[in-house]
Amino acid sequence: MKYEQFKTATLVALIGLSLFFTYQLWTYQPNLQALESESGESGNYADSMIGEERLITDLIQPSSVILHKDLEGYALMNPLNSRYDQTLTTLRQYQFEHAISADPVTTSAEGIELRFPDELPLQSLLAYFDGNYDQMNTSREVNRLLIYVTEEDTVNFTFASSEKEEFMSLRTTMPASDLKNLIYATDTESELATEVVKENDSTYLLLRNDIYVPTEKQVVRIYDYRLRNDEEMPMLINQRLFNDTDVPRANQLNGEYLFTDGSRTVTHDSTISYLNYSYPYSTDSQEESNRHIVEVAQEFINVTGGWTDQYAIDQVNKKDATDQAEFRLYVNHLPVFEHRLTTTSSDQDRMKMYVTRAGTQVVSMGRPLFQLEDRYTEQEREVSSGLDAVNQMKKSSTILWEDVTDIRLGYKATMTSSKRADLTPTWFYQLDGEWEAVVRSDEELTE
């Protein structure tokens with residue numbers, strides 16, 4: 001009898017331990033202890049955020065919106081005009097009905113084409129348009145979308161990957177009349193007369209490597225921004241990055257503060273106000289992730305302090321088992337690129353964030369340690385046309401025009417001090433995945 005009682009008591013104890021450990025697993029939270037300052041004092045940043053959490057749909061920004069007016073030709077929508085936002089908002093209101101056989105347009109069309117900076121997850125773009133369709137392969141990537149009127153007077157959404165030459169089409173609830181009203185709006189001031197400066201190399205409209213540029217000058221605002229350097233910002237990010245240990249003390253060398261626990265390393269470069277995170281030991285893993293790098297990067301930035309200012313997906317790089325997602329700063333729907341007044345030890349573009357993954361592990365991250373604050377001067381400047389920029393490039397002895405893959409109007413950010421940034425409208429071209437200013441100085445293409 002005593003033996004049976006002993007077994008019963010042991011079984012009850014084991015069940016109790018099982019319940020206790022289960023509770024501990026459910027309620028476990030990483031160790032976010034206070035960051036030690038140089039004075040030895042501690043501060044608690046576990047519940048603080050430097051920015052806000054964002055969805056992937058908040059980080060999607062078309063690089064261009066093109067109106068296709070069938071036999072009347074085409075025009076670029078001016079991203080600085082309110083019609084640009086209104087058009088995107090209207091297009092996102094309609095639902096997808098069902099998938100249809102891929103119907104790539106081969107000739108002229110009545111529609112609106114959206115081009116994106118790089119190949120994005122199809123599932124993310126479906127979510128951007130507030131839609132979902134479970135019976136399709138949403139693991140694919142796309143970088144272009146044509147919303148057009150069919151011969152049956154219905155509206156289709158055709159997504160395409162210009163790199164993989166793949167299509168996927170959906171029928172929508174949008175009436176053809178609504179789409180035509182968006183295309184042929186009377187507000188022509190929001191449209192830019194446009195010319196194609198690259199020849200077509202495909203019979204399918206969404207696979208053509210055309211480069212559309214405006215033929216007219218544009219009036220664009222220039223800004224002088226005050227920068228806010230939050231002293232608690234790097235400490236908060238550190239605490240999130242070292243989430244299972246106390247944050248190491250800092251070692252200072254040549255303006256950089258170095259934090260390491262022996263495997264992970266964080267550097268704060270006070271000279272350029274930029275943070276870099278590295279976890280090289282995690283690259284030993286051979287396991288591959290089935291999650292897209294854009295989704296992983298968005299979540300990683302969410303949990304390490306959040307997003308400041310307006311960033312959008314800019315570039316997705318893949319090499320072997322390593323993926324990287326870059327998010328660029330945008331102002332008024334225009335991308336911002338840094339311009340250096342002098343040569344420094346770092347060539348980091350402080351106008352973007354990046355996250356790199358190897359296998360299933362994030363191995364590096366970079367982000368600026370400043371935020372745009374109030375702009376205290378604002379002027380207007382007339383910028384020469386995209387066609388003038390192209391002609392300038394063709395005359396250049398340093399630019400191989402045949403290899404240029406894109407041209408965009410953006411802002412050139414000059415960091416005049418640690419507390420100020422001048423944003424000047426400038427034409428940029430893309431070559432081998434890198435963006436460069438078209439000309440040597442603003443005066444050559446501005447008046």
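**Figure 1. Confidence across the predicted model.** One covers residues 21-43, with 31 contacts in the model beyond near neighbours in sequence. The other covers residues 440-447, for which 21 such contacts are found. Where pLDDT is low, the predicted coordinates should not be read in detail. For the protein as a whole, the average pLDDT is 83, and 82% of the residues score at least 70.

**Figure 2. The open sheet of nine strands.** The strands follow the order β5-β9-β8-β7-β6-β3-β4-β10-β11, and their pairing is antiparallel. At the edges lie β5 (96-100) and β11, each of which pairs on one side only. From one strand to the next, the twist averages 30 degrees. Strands of a sheet pair through backbone hydrogen bonds, either parallel or antiparallel. Within this sheet, strand β7 (residues 141-149) runs antiparallel to strand β8 (residues 155-161), and six bridges join the two. L146 has T158 in β8 as its bridge partner.

**Figure 3. Helices packed on the sheet.** Helix α4 (residues 176-183) packs on the sheet and touches β3 (64-69), β6 (110-121), β7, β8 and β10 (191-196). The direction of helix α4 makes about 85 degrees with that of β6. Helix α7 (residues 386-395) also packs on the sheet, where β10 and β11 are the strands touched. Between the directions of helix α7 and β11 the angle is about 115 degrees.

**Figure 4. Strand β3 and its two partners.** Strand β3 is mostly covered, with six of its six residues buried. In a regular strand the side chains alternate between the two faces of the sheet. In β3, S64, I66 and H68 point one way, whereas V65, L67 and K69 point the other way. The residues of both sets, H68 and K69 included, are buried. Six bridges pair β3 with β6 in the antiparallel sense, and V65 has L114 in β6 as its bridge partner. The pairing of β3 with strand β4 (residues 74-77) is likewise antiparallel and comprises three bridges; here L67 stands opposite A75.

**Figure 5. The turn between β3 and β4.** These two strands form a hairpin with four residues between them. Within the turn, D70 has a positive phi of about 55 degrees.

**Figure 6. The largest pocket and its lining.** The volume of the largest pocket is about 940 Å³. Its lining comprises 44 residues, of which S63, F116, T405, D406 and Q430 lie nearest the centre. Strand β6 gives the most to this lining, contributing five residues.

**Figure 7. The surroundings of Q430.** Q430, one of the residues nearest the centre of the largest pocket, belongs to strand β24 (residues 420-431). Because its relative accessible area is 14%, under the 20% cut-off, Q430 counts as buried. Leaving aside neighbours within four places in sequence, the residues in contact with Q430 are D403, V404, T405, D406 and W435. Two of these contact residues, T405 and D406, are also listed with Q430 among those nearest the pocket centre.

Conventions
Residues numbered from 1 in each chain as written. Predicted model: local features only at pLDDT ≥ 70, side-chain atom pairs only at ≥ 80, totals over all residues. Heavy atoms only, no water. pLDDT = per-residue confidence, 0-100. Contact = heavy atoms within 4.5 Å. Buried < 20%, exposed > 50% of the residue type's maximum accessible area, 1.4 Å probe, protein only. Pairing = 2+ DSSP bridges. Axes fitted to C-alpha atoms, helices over the stretch in contact; angles between N-to-C directions. 1 Å grid on protein atoms, 1.4 Å probe; cavity = no way out; pocket = protein on both sides within 12 Å on 5 of 7 lines; lining within 4 Å. Points joined across faces, edges and corners; volume = space filled by probe spheres on them.
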